[in-house]
Amino acid sequence: MAGSGKTTLLQWLAVAAARDELPEALAGLRGRVPFLLPVRRFAREGLPSPGTFLSAVGHRDAAAAPPGWTERVLAAGRALLLIDGIDEAPESAREQVRRKLGEWTARYPDNVWIVTSRPSAVPGNWLAGDGFSELSLAPMGREDIAAFIQRWHRAAAQRCPADLDRLGHYERTPLNAVRITRDLGRLATNPLMCGLLCALHRDRRGYLPHGRKELYDAALSMLLERRDRERAMVPTDGVELTRQPKIQLLQKLAHWMLVNGRSELDQATAVDTLAQYLPAIPDAARQGGPEDVFRHLLNRTGLLREPTPGAVDFVHRTFQDYLTGLRDRAHHEVRAQLAGAWRRHDTARYAREIISHLEPAELYFPASDLEELHTLRRLGGRPHLRIAGSFTPDQLLEGIAPAEGLTRLWLAYDLGVSMEWLAAFPHLDTLRIGRRIPPVSGVPEGIRVVQM
């Protein structure tokens with residue numbers, strides 16, 4: 001999962017192997033030459049060839065390496081290959097990545113290969129045919145969380161900060177909180193969330209957020225709004241944006257990455273993307289051109305970074321996902337309003353121009369009369385329907401098609417009959433009942449009833 005420490009683990013392995021500081025438990029990796037390849041860097045071009053490993057990741061001494069050095073290390077079986085983030089490649093390109101890894105392992109045996117991915121991105125045992133075994137990073141246990149919190153504050157103290165005298169208290173509070181408060185204990189089970197809790201607790205001088213949404217909202221507030229204001233920072237780039245315009249613009253970049261299956265984009269594309277949306281965000285548009293606004297987001301938000309010259313990504317994938325989630329929830333509100341306005345317009349025209357273009361995910365499409373119900377059927381049906389008019393069961397059985405496509409039904413109108421007829425919809429799992437409708441009977445087994 002995001003934040004579980006996959007990238008940090010590979011970075012630590014690379015540094016420890018290069019410095020010959022691997023612990024005894026990993027003595028079998030000693031003497032190997034580490035190559036860390038973040039897949040997100042190569043999402044567009046694909047994995048680089050071994051001869052260009054160093055230059056592809058921007059290694060500062062790439063030009064000084066003797067010709068053919070990487071191939072000789074691989075041929076001798078002395079390499080530690082760390083392939084980070086298969087899930088960062090577009091879904092359409094992952095099979096090509098798998099074939100490339102299979103070719104490499106066959107051509108260069110005796111090397112050690114470690115490949116990371118979110119579990120949901122690839123099937124189980126995805127590389128088993130090429131000799132890979134599958135392991136999972138377990139959530140941090142209570143002792144791991146305590147050790148992380150203690151080391152986080154120890155590292156903070158080494159910087160000799162102005163609040164050095166309070167760090168001891170700051171350390172004790174989250175240690176106790178994650179033991180006592182169940183929600184915080186569950187949130188802190190991966191390094192990203194645990195570190196975020198520590199940082200926010202210190203930034204808020206002892207106040208801990210509750211729940212995942214409050215945690216991310218507090219992090220965005222700290223990074224986008226309060227950090228510069230509380231440090232009395234004067235804008236040095238001529239751009240001064242409040243929190244909401246920053247979030248809106250960052251959402252545009254996050255959404256572009258989601259739609260295009262990327263976790264990184266080149267800066268020219270980022271600028272072009274912002275240029276498309278700036279006119280709709282007046283508070284940002286009056287601050288400067290898209291290049292100025294992009295540079296401000298990169299330098300001042302703390303959420304974007306420049307992993308290589310000419311590229312940009314989010315400091316962590318989980319922030320990209322969260323920003324996209326916020327945008328999607330707002331796109332849901334708009335879609336619901338558009339769907340709800342159907343009955344105030346010409347049914348056929350509105351269906352053709354509006355309803356047919358609404359993304360159906362998590363959206364209940366209303367049907368208040370037979371014309372609307374039959375129009376939805378002609379559009380291929382919808383998985384979630386809201387019955388907002390007087391129908392008989394026979395009319396619904398005939399009008400809701402295909403029957404196997406219906407998964408959720410919302411009755412906002414009392415049909416006055418028993419619900420056995422719902423058995424005709426094999427994938428229906430939820431029946432929502434409007435608050436003014438009396439309790440229903442005869443609901444087939446396996447259908448959850450939710451009284452509004």
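A disulfide is a pair of cysteine sulfur atoms within 2.5 Å. A search of the whole structure finds zero disulfides. The sulfur of Cys194 has its closest cysteine sulfur in Cys198, 5.0 Å away, which is too far for a bond. Cys194 is buried, at 1% relative accessible area; buried means under 20%, exposed over 50%, and partly exposed in between, with a 1.4 Å probe and protein chains only. Cys198 is buried too, with a relative accessible area of 1%.

This is a predicted model: local features need pLDDT of at least 70, side-chain atom pairs count only at pLDDT 80 or more, and totals for chains, interfaces and linings use all residues. Residues are numbered from 1 along each chain as its sequence is written, and side-chain values use heavy atoms, leaving out hydrogens and water.

**The chain as a whole**

The chain holds 17 helices and eleven strands. These are DSSP runs numbered from the N terminus: helices are H or I with at least four residues, strands are E with at least two. The C-alpha atoms fill a box of roughly 80 × 55 × 50 Å along the principal axes. Of the 452 residues, 44% are buried. Contact means heavy atoms within 4.5 Å. Among contacts between residues at least 6 apart in sequence, 56% join residues at least 24 apart.

**Aromatic pairs**

The whole structure has four aromatic pairs. Rings of Phe, Tyr and Trp (its six-membered ring) pair if their centres lie within 6.5 Å; planes under 30 degrees apart count as stacked, over 60 as edge-to-face and the rest as tilted.

| Pair | Centre distance | Plane angle | Type |
|---|---|---|---|
| Phe35 and Trp69 | 5.9 Å | 50 degrees | tilted |
| Tyr364 and Trp410 | 5.4 Å | 85 degrees | edge-to-face |

Phe35 sits in strand E1 (residues 33-38) and Trp69 in helix H3 (residues 69-75). The pair links parts of the chain 34 residues apart. Phe35 is buried, at 3% relative accessibility. Trp69 is partly exposed, at 28%.

Tyr364 lies in the loop between helix H15 (347-353) and strand E7 (365-367), while Trp410 belongs to strand E9 (residues 408-411). The pair therefore ties together parts 46 residues apart in sequence. Tyr364 is buried, with a relative accessible area of 13%.

**Charges over Trp410**

A charge sits over a ring if NZ of Lys or CZ of Arg is within 6 Å of the ring centre and within 35 degrees of the ring normal. Arg386 lies over the face of Trp410, 4.9 Å from the ring centre. Arg432 also lies over the face of Trp410, at 4.3 Å from the ring centre.
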